[in-house]
Amino acid sequence: MNPSPQQSLIISEAQHHERVDQVLSEYYPQHSRSLIRKWLDQGIVTVNALPVSKAGQKLKLGDVLAWQAPEIHKSDKIQAEDIPLDICFEDDHVLVVNKPVGMVVHPAPGHYTGTLVNALLYNCSFLSGIGGVERPGIVHRLDRETSGLLAVAKTDQAHQNLSAQLQARTMKRHYDAIVEQNFAEENGSIEAPIARHPIKRQQMAIVENGRYARTHWHIKAAYHGYTWLGLELDTGRTHQIRVHLKSIHHPLVGDDVYGSKRKHPFKVDRPMLHASQLQFLHPMTGEPQQFEVPVPEDFQRILDILAKRT
């Protein structure tokens, strides 16, 4: 893997007054905020050609933010593993996979094997290096227990383009969810800022000064005490759907972190959330790409039980 070319971004009106680390986090949702701060410490991020050392530096309309990700070094921690992948699409630039329930997307403490990255390293001859040695090709993420569609970049150019589509909110991600209780309306939107929980640091929460987040929802089917929702994200904050649904008192069924203590008339082993549709423009040709996968077996089983009860 080679060093990435220098990237630059002209700050828009929507980004005016945002922090440098916030803007870079939006551009690289696959990166942790701590990694981006390391870039700042290394002096590889500039604003109007001047090095930035403070993550909290505020940006102004028209500022030129530029950076170059450091050279990627191989690691003996991350090994290629012969793990089957459900590949929906592949060419020389992009891979779209249907991630199964229970698979971690990229290596992290406690999960250095069995991840999507381990499988990608075995199945792909090359991947984008922008995500770093532990996140090659990873443009966006899904929680371990969330199934569904993910776009993977095989080249740095494709990665940069797909990340820009994410930031511009032109990459569309649609989800299916089973939630508690019924709704009075057929559709709606949840607009509430999200940040790290002030006390429970492993969780996210609605926080007044958090990052802007918006989720759209519509009813796909209503059952006795439960609802099958379709959701679309305008933003991609950590645990956004789970936090937003909790905030309107319709938590995901099976969510042990953000859900309720309600006992269900069926067995449920995970949050009932599935990334069912993905839309973006091909990073090289500009042609619209649209993918859709059905809900997995455990999700469908619960829908069938609810339909019979209703």
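**Stop one: two crossing helices**

Helices H1 and H4 are roughly perpendicular to each other, a term that covers angles of 65 to 115 degrees, with under 35 counted as roughly parallel, over 145 as roughly antiparallel and the rest as oblique. Select residues 20-27 for H1 and residues 156-168 for H4: they pack at an angle of about 115 degrees, with axes 8 Å apart. Show the side chains of Val23, Glu26 and Tyr27 in H1, which meet Gln160, Ser163, Ala164 and Gln167 in H4; contact means heavy atoms within 4.5 Å. Sorted by class, this contact has three nonpolar, three polar and one charged residues.

Before moving on, note that this is a predicted model, in which local features need pLDDT of at least 70 and side-chain atom pairs count only at pLDDT 80 or more, while totals for chains, interfaces and linings use all residues. Residues are numbered from 1 along each chain as its sequence is written, and side-chain values use heavy atoms, leaving out hydrogens and water.

**Stop two: an aromatic pair**

Next, select Phe183 and Trp217, a tilted aromatic pair at 4.5 Å centre to centre with 35 degrees between the planes. Rings of Phe, Tyr and Trp (its six-membered ring) pair if their centres lie within 6.5 Å; planes under 30 degrees apart are stacked, over 60 edge-to-face, and the rest tilted.

Most residues other than glycine have a negative phi. Now select His239, in the loop between strand S13 (226-233) and helix H5 (240-247); its phi is near 60 degrees. Then pick His249, in the loop between H5 and S14, where phi is about 65 degrees. Helices (H or I, at least four residues) and strands (E, at least two) are DSSP runs, numbered from the N terminus.

Definitions and conventions. Axes are lines fitted to C-alpha atoms, for helices over the stretch in contact, and angles run from 0 to 180 degrees between N-to-C directions. Ala, Val, Leu, Ile, Met, Phe, Trp, Tyr, Cys and Pro count as nonpolar, Asp, Glu, Lys and Arg as charged, and the others, Gly among them, as polar.
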